[in-house]
Amino acid sequence: MSRRHWDLPWEEFLATLKPHERPVLPGSPATPDHTTPWRLAYAFVGVLVALTGSLGNAAVTADLPQLAGALGVTATEAAWLPVVFVMTNACMNLLLVKFRMQYGLRLFTEIILVVFLATAAAHLFLEDYGSTLIVRGVAGMAAAGMSTLGILYIIQAFPAQHRLKGIIIGVGLSSLAIPLARLGVMRLLDLDQWRAFYMFELGLVLVALPAVFALRMPPSQRVRVFEKLDFVTFALFAPGVALLTAVLGLGRIVWWTEAAWIGWALAGAIVLLTAAVLIEYNRTNPLIDLKWLAGRDLVRLLLAILLVRIVLSEQTTGAVGFLQQMGLVPQQMQGLFVVMLIATAAGTLVSAFTLNPMKLWKPISIALVMIAVGAFIDSHATVLTRPTQLYFSQALLAFAAAFFIGPTMILGFGKVLQGGGKNMVSFIVLFSIGQNVGGLMGSALVGTIQTLREKFHSSQLSESISLGDPETVLRLQQLGGAYAHVIGDAAQRQGAALRLLQQQVSQQAQVLAYNDVFLLISGAAAIGAAWVALNHYRPKLEARRAARQAQTQASDAAASVATAVD
């Protein structure tokens with residue numbers, strides 16, 4: 001189809017499209033049959049846009065301690081930076097989907113790119129903590145649109161029969177951001193601290209901006225969808241989710257029972273979200289269709305997303321946190337990050353090219369099994385464990401993280417299309433919150449359990465040490481001997497040996513605590529895999545049982561007839 005048709009009025013343009021080229025939903029672009037050079041161009045721009053939108057937050061998350069040092073803030077203050085990003089990112093799709101439907105894809109694209117360019121440029125000039133916090137919040141809103149835009153461009157690169165593969169690859173690109181950031185950001189920090197990364201991010205935006213304007217997306221249908229109550233719902237829902245995000249993101253750092261604002265924030269979230277639910281439940285055309293979301297299949301899908309995101313925190317919070325506790329710095333974990341990057345890319349590609357639309361629950365179950373195996377392997381860590389011992393287990397987890405995400409989105413899209421597309425906003429909200437809040441919930445659970453188990457093991461180990469025990473005395477003499485050449489006073493050597501012994505006890509308690517967490521995650525993933533498999537095969541088992549019962553009844557009836565004849 002000639003690209004000059006794209007400037008025609010919508011009805012005339014629609015008449016030029018073949019049935020498989022027409023947009024599936026309002027706000028989504030048409031998918032004409034492009035030539036191979038055009039497909040390659042769309043693929044390049046899609047990858048560029050998707051990575052540009054996700055690398056910034058990935059870099060902040062991966063190197064938060066360095067950013068805290070650059071801003072001169074405490075660890076607690078720095079923890080707000082990724083949390084603020086998630087606050088705005090999780091909520092913006094509530095409006096962005098309808099914005100595309102009503103005002104068109106072109107205006108949506110221009111606004112998102114300009115806002116993202118402004119946030120990238122602002123980082124170069126605003127170096128204080130307060131300004132950075134605001135910019136991260138705005139970046140979260142812009143990134144929500146950038147990820148959608150990247151997926152839409154990737155879809156254009158695939159012919160109709162392979163379009164689902166394009167969706168999986170587009171969604172999976174965001175998973176590459178964390179390992180890429182961990183590999184590349186450290187080198188940029190060595191050049192000129194965070195200013196070098198901000199320059200790199202701005203450069204990506206300045207490349208993506210003209211690329212998107214030069215390579216237009218096909219037109220999309222525009223329909224009037226906004227209602228006044230939509231903005232009332234958003235005004236309640238967005239701050240409610242933001243407060244919940246703050247509780248999950250900061251609770252384990254300030255500790256749940258120590259900071260009074262945690263309780264007030266949680267209470268505020270409950271009140272605001274309840275008010276939003278009451279408004280939406282009684283609407284004729286709700287922004288979030290709660291009755292549809294309460295369906296059995298959608299509830300199972302949400303639980304599956306939350307479960308996978310929670311157990312995947314074994315990698316983002318557990319394994320990397322464990323290595324940091326053992327004294328390793330990011331430069332010493334570069335090999336592990338390379339393995340994660342390769343496994344993530346492999347998971348995305350395998351998921352795309354082995355996709356079976358009739359068995360979309362199967363990849364989720366397989367991913368949970370892989371997580372269970374990987375976490376179980378990690379649960380045998382010791383103080384001598386180093387990144388090379390974690391290559392295989394972390395490759396399993398990275399593969400699983402990319403392997404499950406595409407099929408879950410396609411499962412949801414299938415439910416949306418079955419309902420005529422009217423529940424697109426509801427599904428996007430479910431998917432976005434499941435991903436974002438599930439990730440924070442996983443980090444909160446892992447961090448909390450690890451802290452509690454560390455206190456328990458530290459107490460147990462300390463109680464088992466007695467200064468009257470000959471083995472303890474010998475150990476102190478050995479530790480004190482290391483200071484013999486620098487500390488002449490015997491009492492001071494004894495004090496130094498005691499401090500060193502306490503450090504070793506604390507380190508051992510950390511190892512035992514992380515092993516407990518890994519084992520718990522392994523068990524949860526295994527149970528989740530069994531639950532997903534059971535839900536997948538239950539209809540088949542029930543059908544077989546019904547067939548056997550019908551066959552038995554038929555046999556009994558035949559036997560009764562034969563007896564009556566005799």
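Select H14 and H16: their crossing is right-handed. In a right-handed crossing the near helix is turned clockwise from the far one, and in a left-handed crossing anticlockwise, by less than a right angle. Helices here are DSSP runs (H or I, at least four residues; strands are E, at least two), numbered from the N terminus.

This is a predicted model, where local features need pLDDT of at least 70, side-chain atom pairs count only at pLDDT 80 or more, and totals for chains, interfaces and linings use all residues. Residues are numbered from 1 along each chain as its sequence is written, and side-chain values use heavy atoms, with hydrogens and water left out.

**Stop 1: H14 and H16**

Two packed helices are described by an angle and a distance between their axes. H14 spans residues 334-353 and H16 spans residues 391-418; they pack at about 35°, with axes 7 Å apart. Axes are lines fitted to C-alpha atoms, for helices over the stretch in contact, and angles run from 0 to 180 degrees between N-to-C directions.

Now show the side chains. On H14, pick residues including Gly335, Leu336, Val339 and Met340. Contact means heavy atoms within 4.5 Å. Colour by class: this contact has 13 nonpolar, 6 polar and no charged residues. Ala, Val, Leu, Ile, Met, Phe, Trp, Tyr, Cys and Pro count as nonpolar; Asp, Glu, Lys and Arg as charged; the others, Gly among them, as polar.

**Stop 2: H9 and H10**

Select residues 228-254 (H9) and 260-281 (H10). Their angle is about 150° and their axes lie 8 Å apart. That makes H9 roughly antiparallel to H10 (under 35 degrees is roughly parallel, over 145 roughly antiparallel, 65 to 115 roughly perpendicular, the rest oblique). The crossing of H9 and H10 is left-handed. Their contact holds 22 nonpolar, 4 polar and 1 charged residues.

**Stop 3: Ile154**

Go to Ile154 in helix H6, residues 129-156. Ile154 counts as buried, because its relative accessibility is 3% (buried is under 20% relative accessible area, exposed over 50%, partly exposed in between; 1.4 Å probe, protein chains only). Beyond neighbours within four places in sequence, Ile154 touches Tyr42, Ala43, Gly46, Val47, Gly166, Ile169, Gly170 and Leu173. Check the C-alpha distance from Ile154 to Ile168: 9.5 Å, at 14 residues apart along the chain.

**Stop 4: the whole chain**

Zoom out. The chain has 19 helices and 0 strands. Of its 566 residues, 52% are buried. Among contacts between residues at least 6 apart in sequence, 81% join residues at least 24 apart.
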